[in-house]
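Reader: Could you take a close look at the aromatic rings here and how they sit? I'd like the cut-offs too, please.

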Amino acid sequence: MPRGLRHRFWLESVLGLITGVSAVITLFWPHWIEAVFRSDPDENNGSAELLIVVILLILTATLAIGARLEWRRCRLAER
């Protein structure tokens, strides 16, 4: 593991993990939103859940790319 990793790397990694797990949970159990918030914004047609999965996957990819860039920055600084 490279030395000198900034807090940004760890923040992006943890948030990416959280959003990725949330996306997978939403894919397999789409009605958790109704269970947790006791609200049905899309009246059981699944569009809100699909939108949430898409947003979470975009966030996960963005955070993963950011963490990878931070990792590479640190590795290149070691040389």
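**Rings and their surroundings**

Author: Let's start with Trp 32, which is partly exposed at a relative accessible area of 22% (buried is under 20%, exposed over 50%, partly exposed in between, with a 1.4 Å probe and protein chains only). Phe 37, at 55%, is exposed. Keep in mind that this is a predicted model, where local features need pLDDT of at least 70, side-chain atom pairs count only at pLDDT 80 or more, and totals for chains, interfaces and linings use all residues. Numbering runs from 1 along each chain as its sequence is written, and side-chain values use heavy atoms, leaving out hydrogens and water.

There are 3 aromatic pairs in the structure (Phe, Tyr or Trp rings, six-membered for Trp, with centres within 6.5 Å; planes under 30 degrees apart are stacked, over 60 edge-to-face, the rest tilted). One of them is Phe 9 with Trp 71: the centres are 5.6 Å apart and the planes at 45°, so this pair is tilted. Since Phe 9 belongs to helix 1 and Trp 71 to helix 3, the pair ties together parts 62 residues apart in sequence (helices are DSSP runs of H or I, at least four residues, numbered from the N terminus). Phe 9 is buried at 9% relative accessibility, while Trp 71, at 23%, is partly exposed. Trp 32 and Phe 37 make another tilted pair, 6.4 Å centre to centre with 50° between the planes.

Terms used:
Helix = DSSP H or I, 4+ residues; strand = E, 2+ residues; numbered from the N terminus.
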